[in-house]
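Open the model in your viewer and keep the selection tool at hand.

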Amino acid sequence: MRLALTCFAACAALLATPAAAGDANAIDGVYTGAYICAQGPTFLELTVDSDHDGGVEAVFRFASGEWDGGQNLTVPPGKFAMRGRFQYGGKMALFGDYWIQQPPDYGMVNLDGVIEQRTDGKLVYYGRVTGAPSCSEFHVIRR
């Protein structure tokens with residue numbers, strides 16, 4: 001009986017967050033928000049596609065735009081592919097892979113953060129932008 005209760009408690013904890021639920025597609029979707037680099041806060045659309053082994057492919061699209069919390073209308077459009085890993089507990093690291101649309105004087109960046117479920121049920125991915133000295137943070141919400 002004690003073993004059954006321990007298993008039940010552990011299983012219930014796993015189901016509490018999509019990140020730990022074991023569903024390979026729980027984090028998939030389109031996330032929108034912003035990231036901060038030398039050009040200032042910039043619109044970001046991140047499309048995430050995960051597999052059952054924790055591998056993740058994503059498309060990082062940036063552009064001029066307005067979003068909840070800000071606007072930057074001076075950024076040229078750009079897009080690059082990313083690859084990375086999603087780990088138990090919600091940690092996800094994504095690394096720039098190749099350009100799909102590269103504007104002049106822009107480089108790829110990496111994302112190192114955590115995916116969490118908000119109280120309203122939406123997923124949020126936030127953390128540090130790495131790979132460029134003038135970048136700091138990002139914050140996106142799945143639509």
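**First stop: a polar pair**

Select E45 and R143: their side chains make a polar contact at 2.8 Å. A polar contact is a pair of N or O atoms within 3.5 Å; within protein, one must be able to donate a hydrogen and the other to accept it, and residues adjacent in sequence count only if both atoms are side-chain atoms.

This is a predicted model: local features need pLDDT of at least 70, side-chain atom pairs count only at pLDDT 80 or more, and totals for chains, interfaces and linings use all residues. Residues are numbered from 1 along each chain as its sequence is written, and side-chain values use heavy atoms, without hydrogens and water.

Stay on E45. Is E45 buried or exposed? E45 is buried, at 16% relative accessible area (buried is under 20%, exposed over 50%, partly exposed in between; 1.4 Å probe, protein chains only).

**Next: the strands**

Show β2, residues 40–50, which holds E45. Strands (E, at least two residues) are DSSP runs, numbered from the N terminus.

Pick L46; opposite stands F60 in β3. Then go to the turn of this hairpin, where four residues lie between the strands and G54 has a positive phi of about 90°.

Select A58 to find its bridge partner in β6, M82.

Notes: Pairing = 2+ DSSP bridges.
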